[in-house]
Amino acid sequence: MADDLRRAYEAHRLALLRLAVLFTGADPVAEDLVHDVFVRSRSRLGDLDHDETRAYLRRALVNAWRNEVRHRRVERRHEAAVSPREVDDPSDRIAAHDEMWAAIARLPERQRAAVVLRYYEDLSDREIARLLGCRPVTVRSQVKRALAKLQEVVRP
Amino acid sequence: MSVEEVVRESLRRRAELVQSLDRWADVRDAESLPPLSAPTRSRLAAVAVAIAVLIPAGLLAFAALRPSAGESPGGPTPGGGGHTQESRTDAPIEVTSPALNANVSSPVVIEGTADVFEGNVRIRIFDAINNMIVDTFTTATCGSGCRGEFSAEIEFAVAEEQQGEIVVFEESAETGKPRNVVRIPVILVPGENLERAMEFIGTWTDGEGNAYTEAELSASLGPEHCSWGDIVFLSIAEPRYGSGPVTFVRDTTNELADHTERAWESLPLLLGDLTSDGTHVGDWELWFDPSNPRTVYLRHGVTGETEVWPALTQQIGCD
C-alpha cells in the first residue's frame, strides 16, 4: 500500500495541487487539501491504473474542497458572532497580478469550480455535473453566469 | 481574444505558479492514522466548539430573527436598502439578484452591493409559512464607509414549490437589531438535490423482492426547518447491526459534519471488497463494506454511480 501511495503521490501531486489552488485561491489551504486527499485515498489507490487514479484523486479533491467550503462557512459564522475581524484573503494579493484571476477568485464557489473544471481540466458538462453533484444543465447555467461576470474584465 | 480564452490563459498561468509540494514525509507518517489527518481533525473540533457556542446565542436571538414591522413593513424602506429595480444607488444594501418574484432553487446565488459595518451582510430565507429556513451571512468586498460587492451561494430545501422571501440586512453593531432591510419575495422551488434524495424515499425491498418493514429498514427526509429537508436518513436494524438500528445519512452539504465520522462522497464506480444482498430501492442498490460497518454504499444499477453514506455517531434531533 505504501508503494501505491508513493507512486500516486509522485505522479499526481503537482497536478492536484494546481487544481486545488485554482479551487481555493490560497496555497496553504490547497496544500492541506491535497495532503488530506492522499491520506484518505491511500487504501484505494492499489486497484487503479494511472488515469483512474487521476480521476479518483480529482474527485476526492472536489469532495475535500466541498467539505472545506462547508467548514469555512460554519467558522465564518462563528467568527462573526464572537469577534468580527478583517479577513485576509490571499486572493486579494494575487489580484494585483492578474485581474482575470482576481475576478475568478471572487466567483461564488460552485461557479468557480465549474469554470475551473471546464477551462482548466477541460471536462465535459456531464463529467463536471457528476463531480459537483448536480445536473449538466446546472453546470451550463453556472458557467454561463460566471462568464457573464468575467466578461466585464475583458470589456475595453 | 474571447473571454473563454482569457479565462483559460489566466487559470493556466496561475496554476503554473505552483511549482512544488514536498510533504511526502507528512503523507507517509500519516499512513497509520485514521482517514482524517490531524489538521483536519483539529479543524473539526474547532467547528464543534463553534456550534456549541452558537446554539444558545441562536436561541436567545430567536425572538428578533425576522426583521419585521417597524423595520421595513412590506418592502424596502426609505433610507433603508432596496432592490435595484426600485431603489436609489445610495441605499446601504442593494440586491441585484435574484429578481423580485423570481423562481429560485437551491443553491440560490444572492448578489448585490453594500456599504455596511465591516461589510457584514446577513441573509435569511423564509418559507410560505414564515419558517426561517436559512440564516447566514456573507461579506462584502468593502465595508464601514465604502461600498463593496457581495455574492453568496446559498443552499436551502423545500419539499414543494411555494412563496418565500429572501431578507438581506445589516445587523446594527450597537444593538444587534436588523437595519437597512431589503426584502425580495421569491418563489422557492425544490432543487435537484431534493429530487435525487426523493429517489431513496420509497419501498425498499430485499433480494427476493420482499418489502422491508419500517422497523427493519426505512428511509426518510429530515425536517425542513433545520435545513435538513434534503438529507436522507436511512435506518437499518438488520441482524448485522445486532444491538439496535444504525442510521446512515445522505448529507451532500455536510450539514451533519459534526455527527458523522466521514463525509458523504460521490464516486464514479464501486471500489473495494464490498458485498450486497440485493437490497434496493428503485435502481439504487445497497452495498456494505464488511470491514467497515459504519459506512454504506448506494450504487445506481444503470449508471454505476456510487454514493458513500456515513453512519450517524449518535441520534440527533432538532426543535
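What share of the contacts in chain A with a separation of 6 or more comes from residues 24 or more positions apart? I shall open with that point. In this predicted model, such residues account for 66% of those contacts.

Let me stay with chain A. Its secondary structure consists of 8 helices and 0 strands, so that reading from the N terminus gives α-α-α-α-α-α-α-α. Of the 156 residues in the chain, 54% are buried.

I turn now to one pair of helices in chain A. Two packed helices are described by the angle between their axes and the distance between the axes. Helix α6, residues 109-119 of chain A, and helix α7, residues 125-132 of chain A, have axes that come within 10 Å and cross at roughly 140°. This angle makes α6(A) oblique to α7(A). The crossing of the two is right-handed. On the side of α6(A), the contact is formed by R110(A), A113(A), A114(A), L117(A) and R118(A), while α7(A) contributes D125(A), I128(A), L131(A) and L132(A).

Finally, chain B. Here the secondary structure amounts to 4 helices and 17 strands. Chain B has 319 residues, and 47% of them are buried. Among its contacts with a separation of 6 or more, 56% involve residues 24 or more positions apart. Chain B exposes about 14,800 Å², of which carbon and sulfur atoms supply 52%.

Conventions
Residues are numbered from 1 along each chain as its sequence is written. Chains are lettered from A and ligands numbered from 1 in the order in which they are written. This is a predicted model: local features need pLDDT of at least 70, side-chain atom pairs count only at pLDDT 80 or more; totals for chains, interfaces and linings use all residues. Side-chain values use heavy atoms; hydrogens and water are left out. Axes are lines fitted to C-alpha atoms, for helices over the stretch in contact, and angles run from 0 to 180 degrees between N-to-C directions. Angles under 35 degrees count as roughly parallel, over 145 as roughly antiparallel, 65 to 115 as roughly perpendicular and the rest as oblique. A crossing is left-handed if the near helix is turned anticlockwise from the far one by less than a right angle, and right-handed if clockwise. Contact means heavy atoms within 4.5 Å. Buried means under 20% relative accessible area, exposed over 50%, partly exposed in between (1.4 Å probe, protein chains only). Accessible areas come from the Shrake-Rupley method with a 1.4 Å probe; for residues, only the protein chains shown count as cover.
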